[in-house]
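Hi,

Here is the structure I promised to pass on.

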Amino acid sequence: MSEMTFNQRLWLTMLLCAGIIALSSTFSPPPVAENAGETADTSDAASVDSQRVVGALQQPSAEPGEPGEQVGLVGRPPGEVATLAVDVVTRQLSTDALTVDLTNAAGGILAAVEPLAEQFRGEDGRGVDFLGLGGTRQSLELGFDASATDFAYPLAADLEVLDDAAKGFSVRWRSTEVEIRQAFWLERGYEASYEVRVVNRSPLPQRHRLRLRSRYGVEEQNQFTVNRALCHLGEGALEEFSPDDVEDGPQTVSGKVRWAAVDSRYFLHAVVPEMPATTCQVAASEDGALLENTLFGPAVMLEPGEQRVYRFGVYLGAKEQSRLGAFSLVDGAHLEDAVDWGWFGATSRYLGRWMLKLLRFFHEFTGSWGVAILLLTVVVKALTLPLTLKQIGSMKRMREIQPEMAALKEKYGADKVKLQQEMQALWSRTGVNPLAGCLPALVQMPIWIALYAMLPTVVELYHEPFLWLADLTRPDPYYALPLAMGGLMFLQTRIQPTPATQDPMQAKMMQWMLPGFFTFMLLMVPSGLGVYMLSNVLLSLIQTAIQLRPDKNKKPAVDTASS
């Protein structure tokens, strides 16, 4: 069984916290999918209703390129296929942010990537190749659906390289029936363009259905890694699949597919067709080392001499909100939807983006992401100060009337109904609401959830050091953050007043359970989030100590226990 994902840990945290609160309150006064291998309808893809098949799909035996198959030709048996001996070559293209390796070898033209920013460099000084293809497989593999294609296309053939500098890197394959050209060139930043041209060279009509496969290496799955395949259907509709989802076979999404992608926590490889595709199919490679996402276009009939050009925008790089939102090679792509904001979706995304802007502002001002997190903590604490003041004020008033509550409990302990009535009367006279301390925490919950979702996904923290922490996206190697936070939380629970109606054994259990739980949780989260949580607990402890200090000028409360 694979380890829990980030979202699962978030929900487990909330459920455990809710259980603890419920335990505490018990002792207190109550206040029809399309098969990608079938012949596609030649009508407009917009008429296809979006649908998802949950489970493996059975592909026709003629369908090539499924995981584990060894396929030589796509389509019907060829009449005459031009054979041309070519040398396998690799060429590099670069922008200010990225270098890509392109090849004419069979299996796809994209061989490797290298982000050029300093933070993405490994120990060898080179940018980390986040695609993780291992040098033996490639991405952007062109193919054709066998059941909807009239001509043969050899997947195992190396391609002829064309001298076309204007297109960056161009390759060609020809037979007596068709000519197929591919061109790839970089635009700016992490953006690139990819073009496929299919020309009918025969005297007969030729039908085809194009498919384009992207690949991404699967990392060892643990709480710090995320590998997904994404199928975007527009209007925020995003289907995502993990490697576990395709262990038993491919998964297919049909409809107006706006883009398909494979990604990890901090990097994205997305393909955005100029015209929506009809199908998005996700599968694993035979050895499970790669996650594959394949786009299928509509079936097209070419008359003799006619050609069809397919254009795609490609994103290859870090999941930076500004770059994803600025992607403009295809209108309305909304690649920023690839950032996972957790199960609270729009709320976390809205709050998280504002806090991310603040975080970047503080980084520009200080030059340190660690210091920026500390300043963000102070700002969030200041914004929620009115709520926490009310929460701690309620605790203070509860502590002030605890002697009276204890006297009532001693006097009416045997009569639970009478005790409850007297408690209610005491709270009414003193203006104390025992539930007032919980409401501010509930109001702040969306902010905490947004921060919990935002900080582990901020790619700017990748490989960024702070104090003894070598990488803010990895856990604290010395466990200093978890242990320090556990100690501070224990101290905070000690100085907070305990309601007189709460069982002493339960109160003691709470003093150990909450700090222990959050200490354990902090062992599994990126240290950038740990810096925020520790500094937040420290500020809360200071505020609690100041607000709950005894008031020497306040007169003692009147004893009402005998009234």
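Below is what turned up, starting with the aromatic rings. Bear in mind that this is a predicted model.

Aromatic rings
There are 13 aromatic pairs in the structure. One of them joins Tyr190 and Tyr315 edge-to-face, with 5.9 Å from centre to centre and 70° between the planes. Tyr190 sits in the loop between β10 (178-186) and β11 (191-200), while Tyr315 belongs to strand β22 (residues 307-318), so this pair ties together parts that are 125 residues apart in sequence. Tyr190 is buried at 3% relative accessible area, and Tyr315 is buried too, at 1%. Tyr190 also has Arg323 lying over its face, 4.6 Å from the ring centre.

Elsewhere, Phe120, Phe130, Tyr216, Tyr266, Phe267 and Tyr462 are linked into a cluster by ring pairs. And if you look at Trp354, you'll find the charged end of Lys357 over its ring, 4.8 Å from the centre.

Helix α6
Take a look at α6 (residues 402-412) as well: Gln402, Glu404, Met405, Leu408 and Tyr412 are buried there. They span an arc of only 160° around the axis, which places them on the same side of α6. Pro403 and Glu410, on the other side of α6, are exposed.

A patch on the surface
Finally, Tyr479, Leu483, Phe520 and Leu523 make up a nonpolar surface patch, with about 430 Å² of accessible area together. Leu523 is found in the loop between α10 (504-522) and α11 (527-547), and its relative accessibility of 33% makes it partly exposed.

Cheers

Notes:
Residues are numbered from 1 along each chain as its sequence is written. This is a predicted model: local features need pLDDT of at least 70, side-chain atom pairs count only at pLDDT 80 or more; totals for chains, interfaces and linings use all residues. Side-chain values use heavy atoms; hydrogens and water are left out. Buried means under 20% relative accessible area, exposed over 50%, partly exposed in between (1.4 Å probe, protein chains only). Helices (H or I, at least four residues) and strands (E, at least two) are DSSP runs, numbered from the N terminus. The arc is that of the directions from the helix axis to the C-beta atoms. Patches are made of residues with over 30% relative accessible area and no salt bridge: like charges are joined within 9 Å, nonpolar side chains (Val, Leu, Ile, Met, Phe, Trp, Tyr) within 5 Å. Accessible areas come from the Shrake-Rupley method with a 1.4 Å probe; for residues, only the protein chains shown count as cover. A salt bridge is a side-chain nitrogen of Lys or Arg within 4 Å of a carboxyl oxygen of Asp or Glu. Rings of Phe, Tyr and Trp (its six-membered ring) pair if their centres lie within 6.5 Å; planes under 30 degrees apart count as stacked, over 60 as edge-to-face and the rest as tilted. A charge sits over a ring if NZ of Lys or CZ of Arg is within 6 Å of the ring centre and within 35 degrees of the ring normal.
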